[in-house]
Amino acid sequence: MTRHLLFCLSLCLLVSCDSRKSSSLSDTSLTVIDLSGDFPLRRIDLHDIFDVEYIPLETNEKSLLTNTCSTYFVSNDYIITADLIGGNIFFFNRSGKHLRTLNRRGDGGEEYSRCPLTVDFEAEECFVYDYFKKKILVYDFQGVYKRTLAGPPQKSNFNFSNYDKNFLFGFNNLFDNVTQSYPDEHPYYLVSKIDGSMQPIDLSVKKRMGSVVHSELVRYGNDSSIERTYFFITPLLENASDLLIADFALDTLYSFNDRKLTPIAVRTPSVRATDPPVILSPFIYTDSLFCFEMMPYYYNPANPTEAYDKSRDLICDRRTGKIEEIEFYNSDFSTKSRNMGMGSIKSIVKNYCISWYSSERLIDQYNAGLLKGKLKEVASKLLIEDNDVLILCKFK
């Protein structure tokens, strides 16, 4: 999610705006998020908002993670991640002890070529979407093949997540290089876990805006290729079976819960009321709050990161409608450093956020005498080649 997909919790700027109630959509009272204000910055220790737990992931010859292990799935019993390219699926227990590594990569009918993963903990099933074969392969937690689901059509670019016992949730992020647009005006789908059949939810999005902000044909001698510039942003976040849909082209934010779409907030001014447009990309979603990045949506070829530099991060208290701009720091560092070196963060477990520190980063900080408390204790036992240290942040 923007730089939140390479996230530093210390870089969360959570903005304070005036909020009020409106009933402009159906009979639901909506929080109005006013993005037009200019508000002072407040800094706060992340431990004041979260209960923070550090979990070192055991490192051995069968559990060595790669840099494509960028999403972690956590339950009361398991921590699971996957190597997108190599195809390994790593299982750890809740304390970080390595349990097993599975790999079904290959060309066979029960095998996959790449390993984008989502997990159903209740059914103990792993769903691997093979983009090239356009199929979803299902395995149990011991790596035994169970079934293949019919995947999406050839002209698509789907991301999948676990939704409930019967469905996955699918998001079609296909970008058309010719028209420089996103052609699917109903990009959000429920996907059957039995046969892969897909049904769009009742949400139409015209003139979509997505993660690809620039695409061009580049020639290298006699060869040519399409090069794209991405913003690492997402319109979706999970809080168990409650899904936040904050589509960049819409003014309304929705909760999709129990297969029902409910508006929960509306932004002002409208997304297209300014030039360039200003979008909201969520990165935390819980029962009591959501956080998102407010970012101008444009591409400057002379400075591709310029939009990020002008962004702010927001937090909204869903109980009161209050919004604040704030910057977190971690008091387990001896200085109030903003650069805490955390990886991507994602809300998956109910009312939790999941991220990580690299072992190299923690060792450097430990040797510099900048760590305290539990984090110092964890770092004192690390080796440079060790796996990441998982961070679980539970909202108080």
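I began at P56, which stands opposite V389 in β29. The model is predicted, so I noted that local features need pLDDT of at least 70 and side-chain atom pairs pLDDT 80 or more, while totals for chains, interfaces and linings use all residues. Residues are numbered from 1 along each chain as its sequence is written, and side-chain values use heavy atoms, with hydrogens and water left out.

I then followed β4 and β29 (residues 389-395), which pair in the antiparallel sense over 7 bridges; strands are DSSP runs of E of at least two residues, helices runs of H or I of at least four, both numbered from the N terminus, and two strands pair if DSSP finds at least two bridges between them. The open sheet has 3 strands in the order β4-β29-β28, with antiparallel pairing. β4 (50-56) and β28 (352-357) each have a single partner strand, so one side of each is left without a neighbour in the sheet.

Next I looked up ring pairs, meaning Phe, Tyr or Trp (its six-membered ring) with centres within 6.5 Å, stacked when the planes are under 30 degrees apart, edge-to-face over 60 and tilted for the rest. I found a count of 23 aromatic pairs. F231 and Y308 make a tilted one, 5.2 Å centre to centre with 50° between the planes. F231 lies in the loop between β18 (223-230) and β19 (236-239), and Y308 in helix α1 (residues 306-309), 77 residues apart. Ring pairs also link Y129, Y131, F132, F158, F160 and Y189 into a cluster.
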